[in-house]
Amino acid sequence: MQATPIRRDLDFGIDRIDRKLAGRWHPRGVPVAHFYNAMSLFFPEGERFFIHSVRHFRERVADPELKAAITAFIGQEAMHGREHDHYNQLIREAGLPAEALERYTAALLGWLKDHLGPSTQLSITLALEHFTAMLAHLLLAEPTLLDGAEPKLKALWRWHAVEETEHKAVAFDVYQAAFGRGAAAYALRTSLFVVVMPLFLAHVLAYQAQLMKADEQRPRGVRQWLEFGRFLGGKRGLLTQMIKPGLAYFRPGFHPWDDDNRELLGAVEELAAAYAKPAAPIRRVA
Ligand SMILES: [Fe+2]
Ligand SMILES: [Fe+2]
C-alpha cells in the first residue's frame, strides 16, 4: 500500500457561503460551476453505494493491512458524503432542483443495489473509483481547474481529491482479493468500465443542464459555453487529460498505484490546519 487512508473530520463552513454563489463560485463561468455541482449531487448517494459494495466483500479479505484500509476507506467516504451534503444544501437553498436530482440518484443507485449482483456492484465501484482517482489527480495537479474559485469550495474539492488519492487502490485490492487477476476478473472490470463511464458522464451533463435551466442568472451568450468546452476538451481540459490514465485501466496488469502520485498528498497538511474542527469547549464543573 503506497498511502494509508486517514479519516479526517474537517469543517469547510460551506453553510456560511452566500447562496447567490451556487452557480457563480467558479471563475471560468456558470456552466463550469454547475458541472462541479452536478458531480457533487451524485456524491452522497454514490459514496454510500461504494461503501455498500466494498463492505460486502470485507470477510473475503485476509490481509490485515487491507482490512484496516477498508475501514479507513469507509470512514473517508462517509465524511465525503457528509460534506457534499452541506454543499448540496447550498445548491438546494439557491432555488435549484438539487433535491429532485438527488432523489433520482438515490432511486437509480437503489435499483442497481436491488438488481445487480455483488461482483457487478463492486466492478461499478471500481470504475467510478478510477474516475474519481483521475479527477482527484487533476484537481491537485492542474491549477486551471480550481484556481480563483470560492476558497471554501476549492478546499472541499481538494480535500476530497487528496483522500480519493489515498484510497484509490482499496476497492481495487478488495476486488483482486475476491476475484483474483484472471481473464474473468479482467473482463468484468473492463466491460463495466466501458458501460459506466459514458453513462456517468451523460448523467452529470444532464444534471448540469437541469441546474443551468433553473438558474435565473445563467449567461445568455455562448462565451461561457465556449469556456466550458475548453474546460472539458481543451489541451489542458479535464476529459482530455483523462484519456491516457483512462486507457491505462485496460492494461491486464493495471493497478491504481502504477501511477505513483503520492507527492500530491502534501496538500492535505495545509487544508487540515485551515479547516480542522474547533475543539469542543471544556465544560466547567461547578
Ligand atoms: Fe469520496
Ligand atoms: Fe472514493
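This briefing covers the metal site, the salt bridges and the helix packing of the structure above.

The structure is a predicted model, in which local features need pLDDT of at least 70 and side-chain atom pairs count only at pLDDT 80 or more, while totals for chains, interfaces and linings use all residues. Residues are numbered from 1 along each chain as its sequence is written, chains are lettered from A and ligands numbered from 1 in the order in which they are written, and side-chain values use heavy atoms, with hydrogens and water left out. E77 bridges the iron ion (ligand 1) and the iron ion (ligand 2), which lie 3.8 Å apart. By the rule given below, the model has 16 salt bridges.

**Metal site**

- Five residues coordinate the iron ion (ligand 1) at 2.0 to 2.4 Å: E47 (OE), E77 (OE), H80 (ND1), H160 (NE2) and E164 (OE).
- Donors are N, O and S atoms within 2.8 Å of the metal (3.2 Å for Na, K and Ca); water is not among the atoms, so sites may look incomplete.
- Along the chain, the donors of the iron ion (ligand 1) are spaced as E-x29-E-x2-H-x79-H-x3-E.
- E77 and H80 are separated by about one helical turn because they are three residues apart in helix α2 (residues 64–93).
- Helices (H or I, at least four residues) and strands (E, at least two) are DSSP runs, numbered from the N terminus.
- E77 counts as buried because its relative accessibility is 0%, and H80 is likewise buried at 0%.
- Buried means under 20% relative accessible area, exposed means over 50%, and partly exposed lies in between (1.4 Å probe, protein chains only).

**Salt bridges**

- A salt bridge is a side-chain nitrogen of Lys or Arg within 4 Å of a carboxyl oxygen of Asp or Glu.
- R28 and E227 form a salt bridge through their side chains, at 2.6 Å from N to O.
- This pair links distant parts of the chain, with R28 in the segment before α1 (30–55) and E227 in helix α8 (residues 223–233), 199 residues apart.
- R28 is buried at 19% relative accessibility, and E227 is buried at 18%.
- The side chains of E83 and R82 also meet in a salt bridge, at 3.2 Å from N to O.
- In that pair, E83 is buried at 1% relative accessibility, whereas R82 is partly exposed at 24%.
- R262 and D260 are joined by a salt bridge of 2.5 Å, N to O.
- R262 is partly exposed at 39% relative accessibility, as is D260 at 37%.
- A network of salt bridges links R8, E163 and E166.

**Helix packing**

- α1 and α2 pack at an angle of about 155°, with their axes 8 Å apart.
- Axes are lines fitted to C-alpha atoms, for helices over the stretch in contact, and angles run from 0 to 180 degrees between N-to-C directions.
- The angle makes α1 and α2 roughly antiparallel to each other.
- Angles under 35 degrees count as roughly parallel, over 145 as roughly antiparallel, 65 to 115 as roughly perpendicular and the rest as oblique.
- Residues of α1 including E47, F50 and V54 meet residues of α2 including E77, H80 and H84, where contact means heavy atoms within 4.5 Å.
- α2 and helix α3 (residues 98–115) pack at an angle of about 135°, with their axes 8 Å apart, and are therefore oblique to each other.
- D85, N88, I91 and R92 in α2 meet A98, E99 and E102 in α3.
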